[in-house]
Amino acid sequence: MARSTLPRLTLAIALGALIALWADRGAGARPNLPPPPTPDHDFYVANVAPWVEAKCVECHRAGGGALRLTPPRAGLDDAARRKLDFEQIAKFVNPMAPWESRLYLKVLDPGDGGDPHVGGAFVRMDEPEHDTLLDFVSGATPKNLPPEVYLGEDSFRVKPGDEITLDGRDSYDRDREDMENLAFYWTLKAQPPDSIVALSDRRASRLQFKPDTGGSYVVELRVGDGKVWSAPRSIAIEVFDYRKVKQADPGGISGLEKVESERLTQIRRLYLDVLGRPPTPPEAISDDRIGVKRLAETILLRAEAGRAWYEEVTVRFGLIGDFRPASDEARDLPLRIPSAMPSPGEVERVLVLDPSFLRRHPPGRSLAIAIGELLFGRPPTQAELDTALKLAAGESVMRGDVELTSERQWLREITAEEDFERAALARRVERFLPSGDARRAVPKAWIALRERKGAWRRFQIEVLQSPRYRKRKTLRLKDDLTYVRSLFYDLLERKPTERELAALLHAVGQMPGDSAPLAVLAKVMIDSGEVPLPLLVRIKDAPRWLKDRFLRYLGRRPTGGELKAYGEALLHPQGGVELVVQALVTSPEYACR
Amino acid sequence: MTRLRRRLLCCTCLALALSAVPAGNALVQAKETGPARPTHVVLVVLGGGVRARDMLDAKKMPKLAAMAEAGRVIDEIRAEAANGYEGVARLLTGAAAPVAGPETHPDRPTLMEYVRVGRNLPAEKVWYVSFEGEDQLRLAYSTHPAFGAGVGPAVATGMGAFGEPLKSFLDRLGRPDPQPKEAWTLLRGLRARSRGAVSSYLPEAGVPAGLPRSERMERALLEEINRRSLLVRGPAPRDERAWRAAKTVLQVHRPILTVIRLGEAEQAQKSEAQYERVLWANDAGLGRLRGWIAADRELKDRTLVVVVSELGRDATPNERGGLDQADDSEDHRELALVAFGPGFKAKKGRVKRTRRIEDVCATLGILLGVPTPHAEGEAWTPYLREAD
């Protein structure tokens with residue numbers, strides 16, 4: 001008996017160790033570190049409550065806004081009231097990403113990246129109250145201020161075979177000058193599906209590793225001060241074969257004339273459809289050298305592709321600005337998309353089940369409309385309206401065999417169904433194909449989703465490499481998000497920040513159904529002086545300059561007639577360089593992808 | 001039917017008909033021309049507290065007086081609200097009882113929500129333009145579960161229909177240069193060429209061939225930004241910004257319902273003279289509004305403009321020379337409404353019958369052809385023309 005048990009026990013221990021090792025190796029592995037600290041009541045009472053009571057209570061005790069503080073009442077002493085206030089306020093803190101907490105962003109001055117806030121009470125980043133607030137949301141206590149990760153850039157790009165070095169040594173402890181006591185912990189949070197690379201020294205202050213395959217890797221760092229571990233910060237590394245292209249002079253000739261017209265069109269289409277923006281001239285030239293087919297294989301694996309899809313869905317659901325998703329799952333989503341390749345249904349489900357969805361589309365008719373229009377692309381059905389109204393009135397509703405008692409449960413039920421998955425899939429396929437082709441492709445996509453892991457990724461690559469996609473003659477309107485991003489890349493030559501995108505989409509949304517607001521944005525950018533444009537007298541070869549601008553903005557060469565007309569406008573007393581650029585980026589053709 | 005029964009029936013009908021005619025309504029009616037129902041309604045709330053007698057005083061508000069002369073005046077409208085917020089809330093929701101406080105949305109649906117639901121309209125066809133920042137927008141839609149944010153109006157604040165969300169962007173990048181007329185001509189020509197290039201492709205279903213861009217809208221938005229709406233000066237700068245935003249909205253969208261909420265008359269609290277300057281400025285705005293409507297082919301003759309206050313002011317000035325809202329006098333509690341355009345029966349003279357401010361919601365609901373089931377006010381059907 002004892003003899004037969006011993007080998008089994010040894011085997012079990014070995015297996016257990018292997019499983020533990022494997023679990024610690026893989027993408028998304030979570031070490032056994034304690035979670036980041038949550039807000040502390042004593043710190044609140046000592047440091048934050050006086051400020052809250054001076055600035056916030058007038059509105060928020062009277063029922064203003066989402067933060068409801070308890071109004072004064074008999075028998076409620078100061079200590080008890082502050083405890084109740086703390087409990088309410090703590091709900092607006094996100095310990096996993098304190099810097100994204102609603103409490104913090106609501107009172108941060110919009111000029112420093114804060115959210116719009118009725119009533120004001122803003123703090124600027126250089127004010128002491130700002131540091132106190134950031135300490136509070138980061139989980140400070142009267143005896144300890146938590147450490148903070150600093151990684152510098154949030155993404156960069158290397159070539160396959162390059163070794164990566166990530167440096168966490170600029171991380172700091174809020175209440176200590178020396179950094180000697182800081183502990184580090186790195187996690188490989190996401191990696192390409194066929195990668196098996198593992199991190200070697202997770203506890204080093206500088207991490208080195210060599211990606212084993214092309215794609216996007218996401219590495220996360222937490223630091224500890226011996227008492228608590230900080231919230232994590234992550235960095236995305238894109239590993240791709242790219243060619244360095246010499247950057248042309250700002251405002252000068254970009255070099256796109258060397259790229260063959262049809263290939264430029266195909267490269268632009270891939271960028272606009274997958275990344276939601278046009279390629280910069282150096283990117284287009286580099287991708288032309290590598291080949292369009294290779295680009296179609298790798299573009300979906302870029303971290304930017306995940307971010308672009310995530311933003312597309314959040315904008316469509318209205319989950320931007322004050323309604324930005326708050327759950328850990330939603331925050332991880334942009335990173336998961338290029339590595340784990342979740343299905344469209346999974347992507348949308350995470351965002352529909354995020355608490356912000358119900359804040360943005362409150363119970364009742366508003367929710368029914370959101371379910372009908374946003375999830376299924378049709379007006380809400382009478383059954384949906386009835387369900388929404390009954391749930392809002394606190395009644396339960398039978399839906400098939402399931403008794404629904406809350407809106408959240410209803411959303412869970414809806415997003416678990418095949419209809420939802422198919423509708424999300426159709427939306428995603430329609431991003432790439434004209435609607436007729438997309439309809440025909442959906443059944444195949446559905447089968448791909450149901451097949452083994454990797455089939456969905458292969459399906460997308462097949463679509464992007466198909467002659468039907470590459471030789472598509474159909475123009476499609478850019479959505480607002482793609483148009484705004486295009487203006488930033490084409491005119492300001494940079495990506496927009498999250499805040500800029502939220503504000504501009506809000507502005508554009510004020511005037512629904514027309515691209516005129518976007519034309520106004522273009523004019524604002526052009527007249528800002530931040531668009532690198534040459535003086536007219538510096539343009540030595542006007543036709544060449546005009547051809548270059550056509551290639552930059554429209555991805556094609558101008559016709560003879562266009563060259564003549566634009567040339568005349570360039571030299572016209574009321575025309576000039578700015579007007580030519582304005583005409584191109586506000587043209588109906590630019591509004592298409 | 002016997003003769004007696006026939007007589008009784010005739011008398012009953014006559015009595016019913018007479019009872020339906022409000023007191024004072026038996027005066028000679030002017031000739032009613034044009035459509036019986038408006039296709040568009042602009043409701044101007046002279047917020048901040050304006051007395052009926054000031055509204056109807058041709059020396060203080062001459063343009064409004066001219067509109068009243070050509071349209072219809074309904075006075076002795078009773079206002080029971082405790083404050084301006086509640087007054088507007090009662091006006092827009094038709095609630096006869098106090099509604100949820102100023103820090104949150106009203107709990108009853110607003111006229112804007114009724115119109116969007118009842119007519120199944122997209123947001124850009126129903127607008128709420130307010131004189132102040134986003135905190136004033138709480139009156140735009142309710143928390144009522146059967147209505148709410150999803151069917152609320154499009155909103156614009158005093159920062160402009162387009163300008164407010166763009167504020168931080170404009171602060172950083174600056175405002176665009178005005179575009180001369182010749183530059184527009186050049187742009188139009190160049191864009192037309194691009195349109196030709198686009199139409200050589202097979203357009204995707206749903207994408208209009210040639211993708212017409214609304215130059216009218218573009219010009220209106222640029223004008224709004226160029227006007228430097230944040231730098232407006234004068235006796236009522238915030239109201240002035242609201243007028244400008246309203247102009248953009250009307251020119252661009254031609255909404256079915258536009259509610260323009262002004263509020264600078266609250267300056268009366270400090271000075272009666274300042275209050276009169278605000279009224280003068282708002283009167284100029286009303287004159288411009290009349291001009292914009294008359295100049296627009298779609299809005300002209302089909303738009304009803306309703307001007308009303310939400311609460312009055314004290315009959316006599318306080319010791320500082322201002323006008324409070326405290327004396328419960330007729331000046332404080334009784335309002336006037338001016339209706340100009342199709343919908344109301346044209347009639348000289350004023351209707352002498354006490355009405356309530358909350359009746360406005362139900363009345364406009366009838367004119368716009370939508371039910372207002374949660375509004376407690378009584379529609380003024382005797383004053384409305386029969387629908388065609």
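Q: In S7(A), what is the bridge partner of Ala183(A)?
A: The partner of Ala183(A) in S7(A) is Gly224(A). Please bear in mind that this is a predicted model.

Q: How many bridges join S5(A) to strand S7 of chain A, and how do the two run?
A: There are 7 bridges between S5(A) and strand S7 (residues 215–224) of chain A, and the two strands run antiparallel.

Q: And how many residues of strand S5 of chain A are buried?
A: Strand S5 covers residues 183–190 of chain A, and 6 of its 8 residues are buried, so this strand is mostly covered.

Q: Stepping back, into which domains is chain A divided?
A: Chain A is split into domain 1 (41–137), domain 2 (147–239), domain 3 (303–470) and domain 4 (482–585). Taken over C-alpha atoms, the centres of domain 3 and domain 4 of chain A are separated by 34 Å.

Q: Now chain B. How many helices and strands does it have?
A: Chain B has 12 helices and 9 strands. Of its 388 residues, 51% are buried.

Q: What is the strand order in the open sheet of chain B?
A: The sheet has 8 strands in the order S4-S3-S6-S1-S7-S8-S2-S9, and the pairing is mixed.

Q: Which strands stand at the edges, and why is one side of each left without a neighbour?
A: Strand S4 (154–156) and strand S9 (355–356) of chain B are the edge strands; each has a single partner strand, so one side of each lacks a neighbour in the sheet.

Q: How many bridges join strand S2 to strand S8 there?
A: In chain B, 5 bridges link strand S2 (residues 72–78) with strand S8 (residues 334–340), and these strands run antiparallel. Within S8(B), Glu334(B) is the bridge partner of Arg78(B).

Q: Which strands does H9(B) touch when it packs on the sheet?
A: H9(B) touches strand S3 (126–130), S4 and strand S6 (257–261) of chain B, and its direction makes about 165 degrees with that of S3(B).

Q: And at what angle do helix H9 and helix H10 of chain B pack?
A: Helix H9 (residues 237–253) and helix H10 (residues 272–295) of chain B pack at about 10 degrees, with axes 10 Å apart. That angle makes H9(B) roughly parallel to H10(B).

Q: Which residues make the contact?
A: H9(B) contributes Asp239(B), Glu240(B), Trp243(B), Lys247(B), Leu250(B) and Gln251(B), while H10(B) contributes Ala281(B), Asn282(B), Gly285(B), Arg288(B) and Trp292(B). By class, the contact of H9(B) with H10(B) has 4 nonpolar, 3 polar and 4 charged residues.

Notes: Residues are numbered from 1 along each chain as its sequence is written. Chains are lettered from A and ligands numbered from 1 in the order in which they are written. This is a predicted model: local features need pLDDT of at least 70, side-chain atom pairs count only at pLDDT 80 or more; totals for chains, interfaces and linings use all residues. Axes are lines fitted to C-alpha atoms, for helices over the stretch in contact, and angles run from 0 to 180 degrees between N-to-C directions. Helices (H or I, at least four residues) and strands (E, at least two) are DSSP runs, numbered from the N terminus. Angles under 35 degrees count as roughly parallel, over 145 as roughly antiparallel, 65 to 115 as roughly perpendicular and the rest as oblique. Two residues are in contact if their C-beta atoms, placed from the backbone, lie within 7 Å. Ala, Val, Leu, Ile, Met, Phe, Trp, Tyr, Cys and Pro count as nonpolar, Asp, Glu, Lys and Arg as charged, and the others, Gly among them, as polar. Two strands pair if DSSP finds at least two bridges between them. Domain bounds come from an automatic or database domain assignment. A residue is buried if 20 or more other C-beta atoms lie within 10 Å of its own, exposed if 12 or fewer, and partly exposed in between; C-beta atoms are placed from the backbone.
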